[in-house]
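Trainee: I am new to this structure and would like to learn how to read it. Could you take me through it step by step?

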Amino acid sequence: MNFCIRVVCLLSASLIATHALSQDISGWSDKTVCRLVQTNSGEVYIEEASSRGLECKAPIKTSKAKPKPKPKPNKITIFGSFGDTQIPNNTKLQPNDATITYYHRQNDLIRLQVNRTYKVDPSSNPVEFVKKIEHHRVIDREMTTTTAFSYLYYEDGLVIYDAMPPEGRFSMVLDNSSYFSSHSMGKSITSYIIGHAICEGYIGSIDAPIVDWPLMENTLYYGQPLIKLLNMTAGDTEVIRRGEGNFIKTGRNIHGGEAAGGLSAFAKNPRELANTKPISSPKFSYSNLTADVLFNYMMHRVGLDFDSFITNFYQNKVGIKHPIYLEMNPLENRSEFVSTEDRIKQGVGRYGVSATRYDYLRIAKAMMDDWQNDTCEGEYLKSIYDRRVSANRRVASWDKKTRRWGEPDFELASKKYGGQFWSDVAGLSGRNVLVMNGANGQTIAMDMDRSRIVVISAGTAHHVNQKKLGYEPIKYGRIR
């Protein structure tokens with residue numbers, strides 16, 4: 001009873017105080033009312049100021065910590081200088097779809113520049129594939145949420161998995177006619193082409209020294225046996241750092257607009273290749289420059305037969321369905337007419353190619369067929385595989401993220417390297433598995449004995465689960 005009386009008394013006192021306040025305000029000065037309006041002391045003061053016709057400043061709100069704005073899903077992030085064509089491999093977070101789309105388009109623009117590509121027309125009789133498609137929830141997840149552009153799994157004459165992102169995921173169209181840059185997968189393709197040059201008598205063998213090539217005289221590569229360049233043991237670490245594309249002393253990139261004139265320009269510069277010597281007792285050191293030297297050496301040896309040689313390789317051996325674009329550096333003296341002879345003289349060839357998803361599978365199938373049929377080119381592949389060397393680094397595990405920025409891949413899981421192919425993959429001991437790997441998640445893995453091939457194209461590296469999409473099908477025949 002006493003409690004109820006106290007509550008009633010308190011409510012009554014509050015109502016009386018409020019009434020008294022409303023009565024008291026009328027006698028307050030305009031300055032006091034405005035001050036209370038500015039300090040946001042209550043709606044009653046704003047109403048009083050309005051009734052008096054006062055022009056008080058807006059109420060002063062207490063400042064609160066604003067939450068950090070979330071990145072806009074359609075905002076493009078530019079990594080490095082404007083116009084770069086690759087997202088760095090060490091991005092911890094997956095870039096948004098707009099950024100991935102932008103970089104794919106920037107990269108694809110190179111294909112349309114006549115001075116920077118060499119086009120090979122498609123075959124009149126392309127290799128076709130029989131499909132027996134199976135679906136898997138892991139594939140659906142990867143295509144919907146990661147940076148994967150394309151996924152193919154081939155086994156013993158059949159395409160088992162075939163997937164691309166759902167329509168509308170990216171703003172560019174992705175289909176069987178879309179192009180994807182090989183990046184460093186092109187190193188392995190270059191090696192395979194060199195095998196054809198050997199088998200056709202243009203090059204002696206993998207042990208033949210690089211001589212009779214004026215372009216590379218007085219450089220560290222001249223006189224070295226071909227196998228040293230194929231195995232990345234040519235000793236060029238004082239010229240270009242492992243895995244990088246810029247000269248150590250000048251900072252010039254070996255590809256693109258600043259690399260006009262290609263090897264001929266580099267060989268004239270004493271701070272790049274002129275008068276260089278290989279380091280003593282070199283170990284494996286992954287080199288983009290070495291791969292370009294290999295491609296240009298092949299062009300030099302094939303000479304003016306190059307046009308027919310490379311056309312025969314892609315049209316008749318591989319059986320491509322769409323044009324293939326070989327990447328080239330610009331000529332030193334640019335003109336509308338670009339000749340193969342000038343490209344050979346200046347050494348502007350590059351190891352990279354742009355191809356469609358199924359044409360990459362066709363290239364891999366040609367390699368596998370040669371291996372299994374013991375052709376001359378198959379014997380070449382087996383010889384470089386037998387001569388492989390240690391990758392000279394810690395090998396990644398498929399069971400955990402061994403880098404702070406993402407998933408492991410076939411390159412990181414490979415113990416050895418031979419003839420521009422990665423091999424001896426963790427978990428695949430005793431298996432003849434050859435791997436082509438390129439920046440931003442481009443991967444082709446081939447089990448030569450079980451007739452299994454995985455082809456992955458992506459927008460970034462380490463944001464695609466290659467253990468599920470790649471390793472498991474190669475090891476078990478299916479995604480588990």
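Mentor: Gladly! Let's start with a term: a nonpolar core is a set of buried Ala, Val, Leu, Ile, Met, Phe, Trp, Tyr and Cys residues joined through side-chain atoms within 4.5 Å. Keep in mind that this is a predicted model.

Trainee: Which residues touch the most other members of the largest nonpolar core?

Mentor: First the general idea: in soluble globular proteins, nonpolar side chains tend to be buried together. Here the largest core has 88 residues, and Leu-289, Met-298, Tyr-314, Leu-326, Tyr-360 and Met-446 touch the most other members. Helix H12, residues 357-373, supplies the largest share of this core, with nine residues. There is also a second, separate core of 32 residues, with Ala-163, Val-425, Ala-426 and Ala-445 among them.

Trainee: What is Leu-326 in contact with, leaving aside its neighbours within four places in sequence?

Mentor: Leu-326 is in contact with Arg-116, Thr-117, Tyr-118, Phe-295, Phe-306, Ile-310, Tyr-314, Gly-352 and Val-353.

Trainee: How many helices and strands are in the protein?

Mentor: The protein has 14 helices and 13 strands. Of its 480 residues, 52% count as buried. Among contacts with a separation of 6 or more, 67% are between residues 24 or more positions apart.

Trainee: In what order do the strands of the open sheet stand?

Mentor: To read a sheet, follow which strand pairs with which. Four strands form this open sheet in the order E1-E6-E7-E5, with antiparallel pairing. Strands E1 (117-120) and E5 (179-181) each have a single partner strand and stand at the edges, so one side of each is left without a neighbour in the sheet. On average, neighbouring strands here are turned by 25° against each other, direction ignored.

Trainee: How many bridges join E5 to E7?

Mentor: Three bridges join E5 to strand E7, residues 349-356, and the two run antiparallel.

Trainee: Which strands does E3 pair with?

Mentor: Strand E13 (residues 452-458) pairs with E3 in the antiparallel sense over seven bridges, and Tyr-151 stands opposite Ile-456 in E13. Strand E4 (residues 158-163) also pairs with E3 in the antiparallel sense, over five bridges. There, Glu-155 has Leu-158 as its bridge partner in E4. E3 and E4 form a hairpin with two residues between them, and Asp-156 in the turn has a positive phi of about 50°.

Trainee: What should I look for with aromatic rings, and how are the planes of Tyr-153 and Tyr-161 set?

Mentor: Look at the distance between ring centres and the angle between planes; the count comes to 24 aromatic pairs. The ring centres of Tyr-153 and Tyr-161 are 5.7 Å apart and their planes stand at 40°, so this pair is tilted. Both of these tyrosines are buried. For Tyr-192 and Phe-313, the centres are 5.6 Å apart and the planes at 70°, so that pair is edge-to-face. Elsewhere, Phe-284, Tyr-286, Tyr-417 and Trp-422 form one aromatic cluster.

Trainee: Which ring does the charged end of Arg-111 sit over?

Mentor: The charged end of Arg-111 sits over the ring of Tyr-179, 4.1 Å from its centre. Likewise, Arg-388 has its charged end over the ring of Tyr-385, 4.0 Å from the centre.

Trainee: Is Glu-142 buried or exposed?

Mentor: For this, check the relative accessible area, where under 20% counts as buried. Glu-142 has 4% and is buried. Glu-142 is found in helix H5, residues 137-145, and touches Ala-148, Val-464, Asn-465 and Leu-469, not counting residues up to four places away in sequence.

Terms used: Residues are numbered from 1 along each chain as its sequence is written. This is a predicted model: local features need pLDDT of at least 70, side-chain atom pairs count only at pLDDT 80 or more; totals for chains, interfaces and linings use all residues. Side-chain values use heavy atoms; hydrogens and water are left out. Two strands pair if DSSP finds at least two bridges between them. Axes are lines fitted to C-alpha atoms, for helices over the stretch in contact, and angles run from 0 to 180 degrees between N-to-C directions. Buried means under 20% relative accessible area, exposed over 50%, partly exposed in between (1.4 Å probe, protein chains only). Contact means heavy atoms within 4.5 Å. Rings of Phe, Tyr and Trp (its six-membered ring) pair if their centres lie within 6.5 Å; planes under 30 degrees apart count as stacked, over 60 as edge-to-face and the rest as tilted. A charge sits over a ring if NZ of Lys or CZ of Arg is within 6 Å of the ring centre and within 35 degrees of the ring normal.
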